[in-house]
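Please read this walk-through with the model open beside you. It goes from the whole chain down to single residues.

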Amino acid sequence: MTSVVARRQPAFGPRAARIGLYVFLAVSAIFFLLPLLLVIMNSLKPMEEIRQGNLLALPINPNFDAWVSAWQSACTGLDCAGVRPGLWNSIKITIPSVVISTLAGALNGYALGQWKSRHANMIMLLVTVGLFIPYQAMLYPTVKILSNVGLFRTYAGIVFVHVIYGLPYTTLLFRNFYVGIPDEISRAARMEGARFLRTFWSIILPISTNILVVVAILQFTGIWNDYLLGLIFAGNDNLPMTVQLTNIVGNSRGAANPNVNMAAALITAIPTLVVYFLSGRYFVRGIAAGAVKG
Amino acid sequence: MSSISLRQIKKSFGALTILHSVDMEIDKGEFIVILGPSGCGKSTLLNVIAGLDACDEGQIVIEGKDVSGLEPSERGLAMVFQSYALFPAMTVRRNLSFGMEIAGTPKATVVEKVAWVAKLLQIEALLDRKPAQLSGGQRQRVAIGRALVRSSSICLFDEPLSNLDAKLRAETRVELKQLHETLGSTMIYVTHDQIEAMTMADRVAVMHKGKVEQFAHPQSIYEKPASLFVAGFVGSPAMNFIDGRLDGSGRFLTGDIAIGTDAYAFEERQPSGEIVLGIRCEDVTVVDRGAPESIPASLAFTELLGADALGWFDCLGKRLSVRLGIKAARSMRKEVGLRFDMSKASLFSRASERRL
């Protein structure tokens, strides 16, 4: 990006262009980071400081009381155990949903990329339509179907719903990645005696690292941050963190504790932040690859 | 017994017919080149033989067994692809052993075979590299190695040299030919490059619009092309063509010139009517204007090619090429006569475009 800017506008001098670029980037970063900074600052304040009403003031006596409260004693409706019980629920919902929807999307995408016929394009079109229909429109039928097969408000049910709702997206991303891989590789594998699944597993998956990481991250953030599906389909024993977070924030009993609310929000967001930090490079690379080849 | 026989192979994609009834008998140990311009169906034919594409009609018999309905790996053949198609995430060693791994070949045999093929192709030093770390020529060798390692008796090549630079291509051509002689396997090689066809093949099948126009030894394809298409496609510069007509006494008439065809060996008896005379540039001699049995022509320009030269003459409203010695080309007069060696000419029917 920098080199493009520098090359296109040599008249201003590459150095000036570069400085301008960094200023722009810094301003954008501050713009996007400011809310996060405010949330962190206020989560570290005790209630007395909050009551003074200055949201922008730095904490005078920073402490983690609000965090501790959010973690283990804030009230989510009748229970007062913080967001802690939701953490494990979120993990056990998110991990299998991400793994299954990503791998199934890869398999689907590869199959659709390989299948050269009008029917394949038709099916791909239908899959894409699935992307444009809002969740809310599909909620009622999904509830009906799941309760008919006895999966409504169960652990298996919520994982199933996440996988199904994720598939159009993952399939599309993988298919667009796989149509960029030369056909001859699959044909060569077939000459060597490898059948479809063997080719997929031994030859195609090992060259899909970038796109696997991208799709897994997108699915992880999507499913971890999901509130609506968790609330409806998970059942009381499996409510994810996001539902508990909302209950804390929306709890009408007693006084509002903004510092606890902010701490709870941060605790809930930590896993997605960690995932982004650890895999940011793959993410950018994969998005670029998908964009060029799609 | 023939190694491969193709019987009335037909293939279409939708309304587009790619192969119109292809028949071919290939003997054991032959090096066959399928030659044709792009879009003539040669790669499709190869894929049909390999089993990667199914044919709509017809039969493929390999070593006496009808394999038409079998998977590629069950047909006992190997294939080298144009883009090499090495498996990117695997080392060269695993690329070579992958097929045997799937077939469940014992470990010791796999190691032995990989070592054998690595030595044969001199890729021992590359075995632990990934394809991305190899040059084009090295990838090419690995791809050939992968095809040879399972010691299939039949090897298919889909334009394997077209991604190499000119020098490497010439070297690999010679090596492939030697490899064929060493191993004695049957090879079918698809290309659009007539030099590869002429130098490597035991027999060449020239394809055009989904049909085999001629299937013969390369020299007879050059000397006695079976159709107008083959005559024009094979040879550089292209064969000279002159439109005319054959009269009842067997003379070729064009404009107000008549050329006797006594020296020409007709395949049909007493043909007549509209025909095309084809003559290669080396079968034309330059004589004095007005010499008997000659056609007046005037020199347009000459091209010096190093070893010899080409003279381009305007004659009968066409531009004809004539191969000349360097000396003759330098001192060529403008107004001359051309004499055709009719024993080496080719005559084609205008209507059917077949050789007469």
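Residues are numbered from 1 along each chain as its sequence is written, while chains are lettered from A and ligands numbered from 1 in the order in which they are written.

Chain B holds nine helices and 20 strands. Both kinds of element are DSSP runs numbered from the N terminus: helices are H or I with at least four residues, strands are E with at least two. Of the 356 residues in chain B, 40% are buried. Buried means that 20 or more other C-beta atoms lie within 10 Å of the residue's own; exposed means 12 or fewer, and partly exposed is in between, with C-beta atoms placed from the backbone. Two residues are in contact if their C-beta atoms, placed from the backbone, lie within 7 Å. Among the contacts in chain B with a separation of 6 or more, 65% join residues 24 or more positions apart.

Next, the strands. Strands of a sheet pair through backbone hydrogen bonds, either parallel or antiparallel. Here two strands count as paired if DSSP finds at least two bridges between them. One open sheet in chain B has five strands, in the order β13-β12-β11-β14-β20, with antiparallel pairing. Its edge strands are β13 (257-260) and β20 (346-349) of chain B, each pairing on one side only. Neighbouring strands of this sheet are turned by 40° against each other on average, direction ignored. The axes behind that angle are lines fitted to C-alpha atoms, for helices over the stretch in contact, and angles run from 0 to 180 degrees between N-to-C directions.

Strand β12 (residues 251-254) of chain B pairs with β13(B) in the antiparallel sense, over four bridges. Phe252(B) has Ile259(B) in β13(B) as its bridge partner.

Now turn to β6(B). This strand pairs in the parallel sense with β7 (residues 154-158) of chain B, over four bridges. Ala78(B) has its bridge partner, Cys155(B), in β7(B). Which residues cover the two faces of β6(B)? Leu77(B) and Met79(B) lie on one side, Ala78(B) and Val80(B) on the other, and all are buried.

The contact between the chains takes 16 residues from chain B and 14 residues from chain A. On the chain B side, β6 (77-80) and α2 (92-103) are the elements that give two or more residues. α2(B) gives the most, with four residues. This side of chain B has 13 nonpolar residues, three polar and no charged. In this count, Ala, Val, Leu, Ile, Met, Phe, Trp, Tyr, Cys and Pro are nonpolar, Asp, Glu, Lys and Arg are charged, and the others, Gly among them, are polar.

Some backbone details deserve a check. Most residues other than glycine have a negative phi, and most peptide bonds are trans. Glu63(B) has a positive phi of about 45° although it is not a glycine. Glu63(B) sits in the turn of a hairpin formed by β4(B) and β5(B), with two residues between the strands. Glu63(B) counts as partly exposed because it has 16 C-beta neighbours inside 10 Å. Glu353(B), in the segment after β20 of chain B, has a positive phi of about 60°. A cis peptide bond joins Ser236(B) and Pro237(B), with omega of about 0°. Pro237(B) lies in the loop between α8 (228-233) and β11 (240-246) of chain B.

Is Glu335(B) buried or exposed? Glu335(B) is exposed, because 11 other C-beta atoms lie within 10 Å. Glu335(B) belongs to strand β19 (residues 335-340) of chain B. Leaving aside neighbours within four places in sequence, Glu335(B) is in contact with Arg289(B) and Ser298(B).

Finally, confidence. pLDDT is the predictor's confidence in each residue, from 0 to 100. Chain A averages a pLDDT of 86, and 91% of the residues score at least 70. pLDDT stays under 50 over residues 1-6 of chain A and over residues 290-294 of chain A. Where pLDDT is low, the predicted coordinates should not be read in detail.

Note on methods:
Predicted model: local features only at pLDDT ≥ 70, side-chain atom pairs only at ≥ 80, totals over all residues.
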